Amino acid sequence: MLGTLTRILRPALKQAQPQLLSGFTNSQLPWRHKMQIRTCAAGSATIQSLEGCLVLNYGGTRMRFNYVWLRDHCRSPSSYNSKTNQRNLDTGSIDLNIRPDNTTVQDGHLVLTWPGGHVSKYSLSWLAENSYEGKKQSIVQPCILWDSDIYKNANIPSAKWDTFMSSDDEVKKFLQNYLLYGIAFVDDVPATVEATEAVTQRVSLIRETTYGRMWCFTSDFSRGDTAYSQLALDRHTDTSYFHEPCGIQVFHCLKHDGTGGRTLLVDGFYAAEKVRQQSPENFELLARVPIRHEYIETSDNHQNHMTGIGPVLNVYPWNNEMYLIRYNNYDRSVINTVPHDLVQRWYVAHRELTTELRKPENELWVKLTPGKVIFIDNWRVMHGRESFTGLRQLCGCYLTRDDILSSARCFGLQA
């Protein structure tokens, strides 16, 4: 089942093909040099000093390291400040044709002696972890993809206000759930803007936008956005019109005297992975074609015109792992960044993704009540709502993605 397991990254949709250059013989290629091979075995490690790079066979993986890269990543005190975790070495001063005079493996470390006598020492495990070959096979952000049944059956506990505000262990559990599922809850929060602000600041900094720092609104159309109404809202991500969409969306329903108004949550990554499995060419198109989103507000009190451009799906190029989905049919602007021959194909791909997103089994409906605060990964999980009656007062904010991930890493979580 797609969502029951931590995501396993698939190979890149299109493997890079070697570029073929006509008009050159092998001896005429400008980068062609005679290889000088030296091998050195130490336990399970084997190294080869080639003309253009050092090849390390370690832990069952063959890795290649550029010589300039190796000198640039030296961790000796003169090259790297271990107290500040910053580079001392001036990369611009490295000879681009540098090669070590001596190469050996000693006690689980690669030891290089450079011209002039400088010695660099790297642990083999560090090299394996930081090699391109290693990163290509690893996951940046482990997550559990879900539909409604998968999430409900996981029985994810909500954090409790009192414990959350006083216990780092509770914050760590909360962050782990947030990272894995893209949503997390804190219950029993006092139904005030002040308490909502306090609970958010346990994990991140508040990102101030045109909507303010902490916002509190009802269905009074005070802003030029359909969120400020009683209308139903289809699934979407927020601030798609920002060049960097807000990372975390926080909602707290302070009061509702009426009916309806349930919150809709959909795991966008789950739906997108379905598209990747069924139609890799459609997934690739959605990850490649830039689309513009726009927010125009011309009320008496607010004047805004914001645009953000990017593909619907964003993936890391080295491992094809998805990290951001930008999906908002309300704010999508005129499609004028797509060549004619791709327009119809883009609409077909977008329709397939929309169909997956709108499947009832992928919809998780939650009734937000006073005291229940939800944190939503706005780069992954879409939200919406059903229409409602009566007075419904909501408060919340956006949080910076960098800071919530930093908090998670400081707890030793992979983020």
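**Cavity, pocket and helix packing**

The count comes to one cavity of 30 Å³ or more, where a cavity is a set of points, on a 1 Å grid over the protein atoms alone, at which a 1.4 Å probe fits but cannot get out. The structure is a predicted model, in which local features need pLDDT of at least 70 and side-chain atom pairs count only at pLDDT 80 or more, while totals for chains, interfaces and linings use all residues. Residues are numbered from 1 along each chain as its sequence is written, and side-chain values use heavy atoms, with hydrogens and water left out.

The largest cavity has a volume of about 40 Å³, a volume being the space filled by probe spheres set on the points. Its lining, made of residues with an atom within 4 Å of a point, consists of H293, V312, R326, Y327, N328, N329, R332 and H350. By class, this lining of the largest cavity has two nonpolar, four polar and two charged residues, with Ala, Val, Leu, Ile, Met, Phe, Trp, Tyr, Cys and Pro counted as nonpolar, Asp, Glu, Lys and Arg as charged, and the others, Gly among them, as polar.

The second largest pocket (a pocket is an open set with protein on both sides within 12 Å along at least five of seven lines) has a volume of about 310 Å³. It is lined by 19 residues, of which Q141, Y316, Y323, R401 and L405 lie nearest its centre. Helix α6 (168-181), strand β20 (322-325) and helix α11 (401-410) each supply at least two residues of this lining, helices being DSSP runs of H or I with at least four residues and strands runs of E with at least two. The most comes from α11, with four residues.

Two of these elements, α6 and α11, also pack against each other: their axes, lines fitted to C-alpha atoms over the stretch in contact, come within 10 Å and cross at roughly 120°. The contact (heavy atoms within 4.5 Å) is made by L175, Y178 and L179 of α6 and I404, L405, S407 and A408 of α11. These residues divide into six nonpolar, one polar and no charged.

Elsewhere, helix α8 (residues 268-278) and helix α10 (residues 340-357) pack at an angle of about 130°, with their axes 9 Å apart. In this pair, G268, A271, A272, K274, V275 and Q278 of α8 meet E352, L353, E356 and L357 of α10. By class, the contact of α8 with α10 has five nonpolar, two polar and three charged residues.

Terms used: Axes fitted to C-alpha atoms, helices over the stretch in contact; angles between N-to-C directions.
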